[in-house]
Amino acid sequence: MSKRRLTITLGSDWRAALRQAGKAATASTYEGETLNFETPAAFFGRLTERRWAIVQALQYDGGTVGVRELARRLGRDVKRVHEDAAELVTLGLVERTEAGALRCPFRDIHVDMHMATAA
């Protein structure tokens, strides 16, 4: 399995997240990748419980899994798993092989969410 790491952040300052991602991309050593959502609503709207289950199943498997087999393992409809997987591919949490199978390239996924009272 790949040793890639992903940190998911929630912050409205997308420019700062973009700058941080740029710095990481130019670093001489791999420091992981970042995916930022502007609000908790955006995060929870796109990364639903069922989509997390797909990511978790793919991480656990450690290899590649076809959509039909993944749907069977999750006890879900193939069409719905395909739709959710397409969204995860768009976000970059899941990759699709040339043969169409799915895999999660991240060994470690960390979600960083901080909430504070308004000033």
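**Exercise 1. Are Phe 37 and Phe 43 buried or exposed?**

Start with the ground rules. This is a predicted model, where local features need pLDDT of at least 70, side-chain atom pairs count only at pLDDT 80 or more, and totals for chains, interfaces and linings use all residues. Residues are numbered from 1 along each chain as its sequence is written, and side-chain values use heavy atoms, with hydrogens and water left out.

Step 1: get the cut-offs. Buried means under 20% relative accessible area, exposed over 50%, and partly exposed in between (1.4 Å probe, protein chains only).

Step 2: apply them. Phe 37 and Phe 43 are both buried; for Phe 43 the relative accessible area is 3%.

**Exercise 2. Classify the ring pairs Phe 37–Phe 43 and Phe 43–Phe 44.**

Step 1: Rings of Phe, Tyr and Trp (its six-membered ring) pair if their centres lie within 6.5 Å; planes under 30 degrees apart are stacked, over 60 edge-to-face, and the rest tilted.

Step 2: count. The structure has three aromatic pairs.

Step 3: Phe 44 is partly exposed at 48% relative accessible area. Ring pairs tie Phe 37, Phe 43, Phe 44 and Trp 52 into a cluster.

**Exercise 3. Work out which residues of helix α4 are buried and what they pack against.**

Step 1: locate the helix. Helices (H or I, at least four residues) and strands (E, at least two) are DSSP runs, numbered from the N terminus; α4 covers residues 67-74.

Step 2: pick the buried residues. In α4, Val 67, Leu 70 and Ala 71 are buried. They span an arc of only 100° around the axis, so they lie on the same side of α4. The arc is that of the directions from the helix axis to the C-beta atoms.

Step 3: list the partners. The buried residues of α4 pack against α3 (49-61), α5, β3 (95-96) and β4 (102-103).

**Exercise 4. Describe the surroundings of Asp 84.**

Step 1: find its contacts (heavy atoms within 4.5 Å). Leaving aside neighbours within four places in sequence, Asp 84 touches Arg 50, Arg 51, Ile 54 and Arg 76.
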